[in-house]
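Student: Hi! Could you walk me through this structure? I'd like to start with a helix and some charged side chains.

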Amino acid sequence: MAYIKIFPIKSTVKKAVAYITNPDKTDEQKFVSSFGCSPETADLEFAMTAEMGKNNVMEKGDNLAWHMIISYHPNDLTDPKLAHEVSTKIADSVLKGKYEYVITTHTDKKHIHSHLIFNATSFTDYHKYVSNKRTYHKICQISNRICKEHGLSISMPTSEAGRSYKEDMEYKRGQSWKAKLKYQIDRAIWTSVTYDEFLLKMKEAGYETRQGKYLAFRAPGAVNFINVKTLGTYYADDHLLVRLEKNRCKARTPQKKNNRVRLFVEMTTYLSDHNKAGFKHWAKLNNLKEAARTFNYLSEHNLLNYEDFKNHVADSADAIQATESKIQCLNKQLDAQRLLQKRCDVYRH
């Protein structure tokens, strides 16, 4: 598993890069890599990009760079070469070829960990990197995906706003009544559009409700009620109503309905009215329409023969794969051109 922390660098980048590239920590700089810059001159190149950002009126904030630490559990990964490879893939996926960076892997501790220092200013559009809860969870999603691809366990939180890493771990381990209550409230809110429906979902989950000055719940087997006000502002009564209101907005049927929306609305209408006979009749007609539409498509494309149909599916899959490969190739060429442009800008200055 990979545990990630990120924090800004507001003083000298040179000292930070010197620390992470220390030969004693990186096996004589065996595990030192960079993108868009040289580790020896990273601070100067970072500053040059930032200066160009100021000239382009894209300068926001006083961060010079960002420092990300990617740690691996000793029971999960002990090979520094693999750790460096995984960390580099995480860096490339997060930064998308837009920011210069220096990445190293330290082997001087019992747990292998990587340090990534990247410019706060992009050398492609001169925008500043924004670090917030949303981008952090995006980094966690990328980390989990890459770790899974390399056979490593995943543990980083990828949940919605309002849950910290510590709380996410408590959810998984079930260490506190509050953590379990937060988790159950979230589940009930996600599937509810009214306050009464939310309370019903909590009751179905086994929670006893007490409605006084503050809403409170008691879990099965617990002795005391827990007031929602003690769970934080995200779970306060007024915020719960706001979240439910957002759900109602999402549930509204758009004016221009596509076929899937129309299908869902018609089906749920029959089910909500408990019209079993009407639903069967509607389903029969709808299936006939879909069958006719499918037959017309197969006829128009001469695919009534099963072998022709199989070949058509295979050709379509090959075409999709070829297009995806072409897109990846073009993206690599685009990244190379961006890097070349960046080098030209450095040379000119």
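Student: How far apart are Glu149 and Arg145 in helix 4?

Tutor: Glu149 and Arg145 are four residues apart in helix 4 (residues 133–149), so about one helical turn separates them. Their side chains meet in a salt bridge, at 3.4 Å from N to O. A salt bridge here is a side-chain nitrogen of Lys or Arg within 4 Å of a carboxyl oxygen of Asp or Glu. Helices (H or I, at least four residues) and strands (E, at least two) are DSSP runs, numbered from the N terminus.

Student: What kind of model am I looking at?

Tutor: This is a predicted model, where local features need pLDDT of at least 70, side-chain atom pairs count only at pLDDT 80 or more, and totals for chains, interfaces and linings use all residues. Residues are numbered from 1 along each chain as its sequence is written, and side-chain values use heavy atoms, with hydrogens and water left out.

Student: Back to that pair, then. Is Glu149 buried or exposed?

Tutor: Glu149 counts as exposed, at 53% relative accessibility, while Arg145 is partly exposed at 40%. Buried means under 20% relative accessible area, exposed means over 50%, and partly exposed is in between (1.4 Å probe, protein chains only).

Student: How many salt bridges are there in the structure?

Tutor: The structure holds seven salt bridges. One of them joins Asp108 and Lys25, whose closest N and O atoms are 3.1 Å apart. This pair links distant parts of the chain, 83 residues apart: Asp108 is in the loop between strand 4 (101–106) and strand 5 (113–119), and Lys25 is in the loop between helix 1 (13–20) and strand 2 (32–35). Asp108 is partly exposed, at 33%, whereas Lys25 counts as buried at 15%.

Student: What about Arg243 and Asp186?

Tutor: Their side chains also meet in a salt bridge, at 2.8 Å from N to O. Here, too, distant parts of the chain are linked: Arg243 is in helix 8 (residues 237–251) and Asp186 is in helix 6 (residues 177–190), 57 residues apart. Both ends count as buried, Arg243 at 7% relative accessibility and Asp186 at 0%.

Student: Let's switch to strands. How many residues of strand 3 are buried?

Tutor: Eight of the eight residues in strand 3 (residues 65–72) are buried. Ala65, His67, Ile69 and Ser71 point one way from the strand, and Trp66, Met68, Ile70 and Tyr72 point the other way.

Student: Which strands pair with strand 3?

Tutor: Strand 1 (residues 2–9) pairs with strand 3 in the antiparallel sense over eight bridges. Strand 5 also pairs with strand 3 in the antiparallel sense, over seven bridges. Two strands pair if DSSP finds at least two bridges between them.

Student: Now the rings. How many aromatic pairs are there?

Tutor: The count comes to eight aromatic pairs. Rings of Phe, Tyr and Trp (its six-membered ring) pair if their centres lie within 6.5 Å; planes under 30 degrees apart count as stacked, over 60 as edge-to-face and the rest as tilted. Trp66 and Tyr129 form an edge-to-face pair, 6.1 Å centre to centre with 70° between the planes. Trp66 is in strand 3 and Tyr129 is in the loop between strand 5 and helix 4, 63 residues apart. Trp66 counts as buried at 8%, and Tyr129 counts as buried at 13%.

Student: Which residues form a cluster with those two?

Tutor: Trp66, Tyr99, Phe118 and Tyr129 form one aromatic cluster.

Student: And which residues of helix 7 are buried?

Tutor: The buried residues of helix 7 (residues 195–204) are Phe198, Leu199 and Met202. They cover an arc of only 95° around the axis, so they are on the same side of helix 7. That arc is taken from the directions from the helix axis to the C-beta atoms.

Student: What does the face turned away carry?

Tutor: The face of helix 7 turned away from its buried side carries the exposed residues Asp196, Lys203 and Glu204. Just after helix 7, Gly206 takes a positive phi of about 100°.
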